[in-house]
Every structure is written in C-alpha cells, then in structure tokens.
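Me: Hey, I'm new to this one. Could you walk me through it once it's up?

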Amino acid sequence: MHIETLKTFCDIVETGSFTEAAARGRVTQSAVSQQVRALEARYGSRLLERGPRRGVRPTAAGRLLYEAARAVVARLGELDRLMGGLRAAPAGVVRLATVYSTGLYELPPHIKQFLRAHARVDVRVEYTRTDRVYAACRSGAADLGLVALPSPRPGLEVIRLRDDELVLVCPPGRRFPARRPVPVAALEGEPFVAFDRDIPTRRFVDAWLRGHRVRPRRVAESDNIESIKRSVEAGLGVSILPRPAVEHEARARSLRALPFAEGPLYRPLGLLRRKGRELSPPARALLEFLRRAMG
C-alpha cells in the first residue's frame, strides 16, 4: 500500500467528495475510486458511504482508518519539511583558519562572492601560522583550513586546490633586467629576506635553491609576509614570494615581481578538514565553493 493511497482516503473524508479529493491529488476521479476499492479489499470492510445529501462520509471502519492514516500522512509531511530544509539555503557560522600569505591576498574576493550568494552564512576567518591551522582543524576549533604546501597529517583530509606561482621580488632599482625572467643562478650570494625556518614555503624554497646549487646570503627572516615586503622595498635584499601577495606593490611600482628563467615555480594550495566529522551545511557549501573558485 502506498502512502499516496492513504492521503487520498484522508482527502475524501475531509472534503466529502471524490471529485475534490482527485483535484487535491492531481489525479483522475477514476484513480481515486480504484484506490478506495484497493483499501476496502485490503481491510475487508466498506470504508465509505453516501451521506443524506449525496456527500461521502466514512463508515465506522472508515473512521478508524482515517484517524490512523491522518497521523501517518502528518508524519510524512514533517519528514518532507525536514528533508526540504537540508536542501534549502544553508545558514550558520563557518570557522576557517588560514595562513597569512594565502588568506590575506587571495581569499577575500572569494569570501565576498560566497557571502553574496549565501546571505545567511557567517564566515569567520582566523589568520595564523601553518602549524596552528592544522591544530585548529584537528581539534575542531576550525571547520576548514587553507594552507600552502599541504601535507598529510593524522586525522586530517587534504583537498588539493590550485597552485600559486612564486616569483622573485626585488625593489625597482635592483640590477635585474626589467620584465625579463631571471636565472636562479643570479641569486648566488644575493642578500635574501626569507620566511622563518618552520614555515613550509621557506623549506620549499630552500630545497629548490639547493637543487640548483644556489646559495643566497640570508640577511633577515620573518613569519610575516608584510614585513618581508617592507624589508625588500627598503633595499635590505630580495625575496621569493607568491605572486598574488605582491600584485598591489607591482602595480604601484614599489616592488618588481619577476619570473625565473628556468620556468614557473609553483607551490600547491589545499583545504584541510577533520576526517570522520560531518561538515555542517554552511561549511559544506563553503568547501564546495572554494573547490570551484580556487580549484
């Protein structure tokens, strides 16, 4: 027996009419009659009879069936509303932890676009160091994490996004030819402003330089990309930074961003989430949005 048959029977009792029940269910009157006959055959009882004014009313058995069927139909309606809510626009808070070099320069336009499409979602972004992003995702303090050079960690899932280009950054007066790729060998002995040693991008750049047997002369280290840019602008040395992080200074001509003659140098970006933890609807919506926007 189908739930629709019970609903049709309830509609007949409530309207007192086969015709109106058919209209409610958007079926033919013949189909309504067939459903009633099927119910009467199932329960071995006459369920409906004509009233004194030709209206339809339930028999004693029909009244018993109506009371039970009405409860079943009502519960089905509640289930439909509950499941429909899952498909509705997500609402709530999403906590996203991210590193400075990606979060400050690449994430804001995407977050703005996401919030325009999801007005009921509040995205709370925390900018912090890489190790703290991993810790926040593992502990549940953050729903998602965004990092450069993501690495597998126990209890965490990595969703790869796109790659960032790393470029040579120098002040305008530096001796490197304007708008031309720079051979990595030109960095031998060059004053260099680096990230701190525990930052993945620092380890990545160091390994790349060692692979080319190039040893720049490190004159400063920082975990803050803004500090590195200001040091380069002041003429303290050159650096290797993500291109999106220096686009503003390149347009203002306070810094130059030059590619390498050996070809583009890329670092991957990735999202982090805790394994085995179901994301809330707004967190799931943000994850899927960033996969499309930054993938």
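Me: Let's start at Glu288. Is that residue buried, partly exposed or exposed?
Reply: Glu288 is partly exposed, because its relative accessible area is 27%. Keep in mind that this is a predicted model.

Me: And which residue does Glu288 form a salt bridge with?
Reply: Its partner is Arg291, and the closest N and O atoms are 3.9 Å apart. Arg291 is partly exposed too, with a relative accessible area of 41%.

Me: Where do Arg291 and Glu288 sit relative to each other?
Reply: Both are in helix 11 (residues 281-294), three residues apart, so about one helical turn separates them.

Me: Why would side chains like that pair up at all?
Reply: Side chains of opposite charge can pair when their charged atoms come close.

Me: How many salt bridges are there?
Reply: The count comes to 29. One of them joins Arg129 and Asp223, with the closest N and O atoms 2.7 Å apart. That pair links distant parts of the chain, 94 residues apart: Arg129 is in the loop between strand 4 (121-127) and helix 7 (130-139), while Asp223 is in the loop between strand 8 (217-222) and helix 9 (225-233).

Me: Which residues are linked in a network of salt bridges?
Reply: Arg197, Arg202, Asp206, Arg218 and Glu221 are.

Me: OK, new topic. Which residues of helix 2 are buried?
Reply: In helix 2 (residues 18-25), those are Phe18, Ala21 and Ala22. They lie on the same side of the helix, because they cover an arc of only 100° around its axis.

Me: What do those buried residues pack against?
Reply: They pack against helix 1 (3-15), helix 3 (29-43), strand 1 (48-50) and strand 2 (56-58).

Me: What's going on at the start of helix 2, and what follows the helix?
Reply: At the start, a side-chain oxygen of Ser17 comes to within 3.1 Å of the backbone nitrogen of Thr19. After the helix comes Arg26, which has a positive phi, near 55°.

Me: What about Leu76: buried, partly exposed or exposed?
Reply: Leu76 lies in helix 4, and its relative accessibility is 31%, so it counts as partly exposed.

Note on methods
Residues are numbered from 1 along each chain as its sequence is written. This is a predicted model: local features need pLDDT of at least 70, side-chain atom pairs count only at pLDDT 80 or more; totals for chains, interfaces and linings use all residues. Side-chain values use heavy atoms; hydrogens and water are left out. Helices (H or I, at least four residues) and strands (E, at least two) are DSSP runs, numbered from the N terminus. Buried means under 20% relative accessible area, exposed over 50%, partly exposed in between (1.4 Å probe, protein chains only). The arc is that of the directions from the helix axis to the C-beta atoms. Contact means heavy atoms within 4.5 Å. A polar contact is a pair of N or O atoms within 3.5 Å; within protein, one must be able to donate a hydrogen and the other to accept it, and residues adjacent in sequence count only if both atoms are side-chain atoms. A salt bridge is a side-chain nitrogen of Lys or Arg within 4 Å of a carboxyl oxygen of Asp or Glu.
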